[in-house]
Amino acid sequence: MIAATVPQPPTDLVMPKAAELVFTIGGAVPLVILLVIALRQLHAGKPLLLACMVGGLAASLFEPFVDVLGMVYLTENNSIHTFTLLGRTMPLFVPVIYPWYIGGFAYLTCQALTKGITRRNLMLLFGAFVLTNFALEAPGLLTDVYTYYGKQPLNPWGHPMWWGCENAFTAIAGGTAVYGLTRLFPRGGLAYLGVIPLLFISEGISNAGTGWPMYATLNDNKGWGYTYAAAVITISLVLYCVWLIGTMAERIAPPVASGQPAAIAHTSPDATVLV
């Protein structure tokens with residue numbers, strides 16, 4: 001009875017193999033580049049970036065949950081399969097992209113907070129993450145590697161705008177949590193293994209907390225008026241959270257008026273050593 005009222009994914013779609021390979025390889029390029037950088041940093045006694053990438057990989061386990069709730073269908077027929085949860089089988093590009101998008105961007109956020117960043121610049125960083133998300137997903141959407149379904153609002157070209165905001169906010173939220181860990185354990189070392197569960201948890205909290213209005217209206221099969229209102233609320237919640245993080249960042253480490261790096265009272269993650 002309930003399932004009949006909820007829009008169902010287009011499970012009849014067949015994965016276009018050439019498009020899947022191009023999309024997966026394209027997603028693997030930044031992964032390889034970032035992994036090389038992370039391993040070099042690890043060799044120099046700086047494990048934070050690698051820990052963030054592993055945390056991003058762990059966060060990919062949430063992808064089936066947000067796909068079901070947010071109504072995204074990653075084409076399964078004829079795809080390169082990895083893991084299955086909630087009846088959704090994830091193609092290979094999911095664990096390929098998560099380490100550098102969620103993990104890498106969380107690392108960038110942490111570095112920005114560590115060096116000192118204004119609220120305005122954090123909002124700009126968030127905007128850059130959103131644009132990257134749109135550019136990343138466009139090839140997959142245009143070639144039916146995956147698709148959004150249901151009454152998706154603010155969806156002029158197949159990628160609902162609220163989704164781009166959600167994905168970018170996950171990286172910001174994760175990076176903020178990582179920053180907190182670096183403040184508690186400035187010497188790093190084995191303490192940075194805590195980054196992995198932090199990014200995993202941040203993926204769930206950021207999506208559930210701000211995406212709840214969209215998940216509720218989409219899965220209750222509400223009309224367009226409801227889903228558009230929910231999109232406005234969800235995007236507003238995301239922007240408020242980013243604004244709040246930026247405001248706290250200014251209060252913790254206000255930028256020097258001369259334009260020099262902000263004075264901070266703790267050790268930068270770049271200076272961590274293995275202990």
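Buried here means under 20% relative accessible area, exposed means over 50%, and partly exposed lies in between, using a 1.4 Å probe and protein chains only. This is a predicted model, in which local features need pLDDT of at least 70, side-chain atom pairs count only at pLDDT 80 or more, and totals for chains, interfaces and linings use all residues. Residues are numbered from 1 along each chain as its sequence is written, and side-chain values use heavy atoms, with hydrogens and water left out.

**Stop 1: salt bridges**

Select Arg119 and Glu250. They form a salt bridge, with the closest N and O atoms 4.0 Å apart. The term means a side-chain nitrogen of Lys or Arg within 4 Å of a carboxyl oxygen of Asp or Glu. This pair links distant parts of the chain: Glu250 sits in helix H9 and Arg119 in helix H6, 131 residues apart. Helices (H or I, at least four residues) and strands (E, at least two) are DSSP runs, numbered from the N terminus. Arg119 is partly exposed at 28%. Glu250 is partly exposed too, at 25%.

Now pick Lys17 and Glu20. Their side chains meet in a salt bridge of 2.7 Å, N to O. The two residues are about one helical turn apart, because they are 3 residues apart in helix H2. Is Glu20 buried or exposed? Glu20 is buried, with a relative accessible area of 0%. Lys17 is partly exposed, at 32%. The salt bridge count for the model comes to 2.

**Stop 2**

Val29 is partly exposed, with a relative accessible area of 45%.

**Stop 3: the cavity**

How many cavities of 30 Å³ or more does the structure hold? There is 1. A cavity is a set of points, on a 1 Å grid over the protein atoms alone, where a 1.4 Å probe fits but cannot get out; lining residues have an atom within 4 Å of a point. The largest cavity holds about 340 Å³ of space. Its volume is the space filled by probe spheres set on the points, with grid points joined across faces, edges and corners.

Select Glu63, Tyr98, Asn133, Glu137 and Asn167. Of the 22 lining residues, these are the closest to the centre of the largest cavity. Helix H5 gives the largest share of the lining, 6 residues. By class, the lining has 14 nonpolar, 4 polar and 4 charged residues. Ala, Val, Leu, Ile, Met, Phe, Trp, Tyr, Cys and Pro count as nonpolar, Asp, Glu, Lys and Arg as charged, and the others, Gly among them, as polar.

**Stop 4: two positive phi values**

Go to Met71, in the loop between helix H4 (63-70) and strand S1 (72-74). Met71 has a positive phi of about 60° although it is not a glycine. Met71 is buried, at 0%.

Finish at Asn221, in the loop between helix H8 (195-219) and helix H9 (224-252). Asn221 also is not a glycine, yet has a positive phi of about 55°. Asn221 counts as partly exposed, at 34%.

Notes. On a 1 Å grid over the protein atoms alone, a cavity is a set of points where a 1.4 Å probe fits but cannot get out, and a pocket is an open set with protein on both sides within 12 Å along at least five of seven lines; lining residues have an atom within 4 Å of a point.
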